[in-house]
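Hello,

Here is the structure I promised to hand over. Please have a look at it first, and then read my notes below.

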Amino acid sequence: MASYEENSVSFTENSLDQRQLEEIERILHSDLISNGVHCVLLIDLAGNIIAKDDNGASRIDMYSLAALSAANFGAVEAMAKIVGEEEFALLFHKGESESLYFGKVNNELLIITVFGKEISLGLLRMKVADAMEHIRKIWRKF
Amino acid sequence: MAFINIKNKEVQAKIVYYGPGRGGKTSNLEYIYQQFRDRIPSEMVSIKTHGDRTLFFDFMPFIVGKIKGYSVRIQLYTVPGQVKYDATRRLVLKGVDGVVFVADSLSVQRKKNLISLKNLQTNLAAYKKDIFKIPLVLQYNKRDLEDQGIPVLPVDILEKDLNQQLKVPSFPASALKGDNVVATLKKIISLTMVAFQKGLT
């Protein structure tokens with residue numbers, strides 16, 4: 001665990017340096033925001049925000065969304081185990097104009113995207129899968 | 001575990017209010033919410049039943065201000081106190097950095113405090129956290145009921161029941177009236193920040 005004087009980002013026994021964090025932010029922007037996603041959050045399973053980006057027009061309370069998403073994800077995972085599944089592959093909430101899609105990056109990280117009608121669920125899932133793969137690669141570089 | 005963002009100079013820490021059902025955990029957060037609107041950048045989120053009992057958790061971000069150049073943001077959570085909600089209680093504890101245990105001073109609730117504290121120890125252990133090491137503050141809530149002639153446990157009995165081994169800071173309080181609610185919060189924030197600096201969490 002780092003103290004906050006050290007030059008690193010620290011959580012759940014791991015740390016990211018500034019360069020890695022910038023790389024992640026770049027990925028979130030180029031893979032997701034540039035493709036029409038309204039808002040994207042990379043969080044840990046405790047509900048802390050690690051990286052975030054939006055299209056500039058979004059007025060979302062990201063901290064509450066992060067807390068609720070982490071809890072929701074934990075609850076759904078527990079439900080999966082009850083019915084004998086390791087996890088559910090697709091976590092998606094469809095709204096009238098805004099929808100949510102969740103992806104599990106690894107055992108520590110979760111990606112949440114808020115998107116509208118500009119992007120199809122199929123394309124979004126593909127882009128999120130790409131972003132998650134990129135983030136996993138950065139994560140493995142420790 | 002806390003998240004420290006060197007790029008944006010921000011620290012996020014998670015503090016959880018734990019304790020038996022109807023003990024005043026949500027009331028603590030509601031009082032803080034009323035008192036510090038300027039430090040709370042969003043609405044308080046509550047997932048509760050129709051009967052107004054906490055079902056999953058309450059959540060509220062709290063901006064402490066700057067410490068050593070870092071802007072410190074505390075995420076305050078409560079857990080559902082009722083025994084049957086143990087699975088959700090454990091979920092909320094994930095990544096916890098500091099705990100306020102809100103004990104119910106009512107004499108009739110004596111046993112429930114003990115069960116809940118033991119449950120906290122068990123659930124922390126599930127995340128490999130030690131109740132003796134994590135930043136922890138005890139709050140003996142509902143002291144105001146004494147004035148109404150309702151039997152409450154004397155503070156020294158509560159200390160003996162709950163704090164004899166833990167030996168952590170404790171506060172007699174009234175979440176409803178606000179007595180020592182802020183003192184409790186300040187204490188847990190300061191213990192949590194000290195733990196970060198020591199690298200203990």
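What pattern does chain B follow when read along the sequence? The answer is β-β-α-β-β-β-α-β-α-β-α-β-α, with helices (H or I, at least four residues) and strands (E, at least two) taken as DSSP runs numbered from the N terminus. Chain B is as compact as a globular protein of its length, because its radius of gyration is 16 Å, close to the 17 Å from the globule rule for 201 residues; the radius is taken over C-alpha atoms, and the rule is 2.2 Å times the number of residues to the power 0.38.

A word on the source: this is a predicted model, where local features need pLDDT of at least 70, side-chain atom pairs count only at pLDDT 80 or more, and totals for chains, interfaces and linings use all residues. Residues are numbered from 1 along each chain as its sequence is written, while chains are lettered from A and ligands numbered from 1 in the order in which they are written.

Helix α1 of chain B, residues 25-35, is mostly covered, with 8 of its 11 residues buried (20 or more other C-beta atoms within 10 Å of a residue's own, C-beta atoms being placed from the backbone). Among them are B:Lys25, B:Glu30 and B:Tyr31. The buried residues of α1(B) pack against β2, β4, β5, β6 and α5 of chain B.

There is also a hairpin to find: β3(B) and β4(B) form it, with 5 residues between them. The two strands run antiparallel and are joined by 3 bridges; B:Ser46 has B:Asp58 as its bridge partner in β4(B). In the turn, B:Asp52 has a positive phi of about 70 degrees.

Enjoy exploring!

Notes
Buried ≥ 20, exposed ≤ 12 C-beta atoms within 10 Å, placed from the backbone. Contact = placed C-beta atoms within 7 Å. Pairing = 2+ DSSP bridges.
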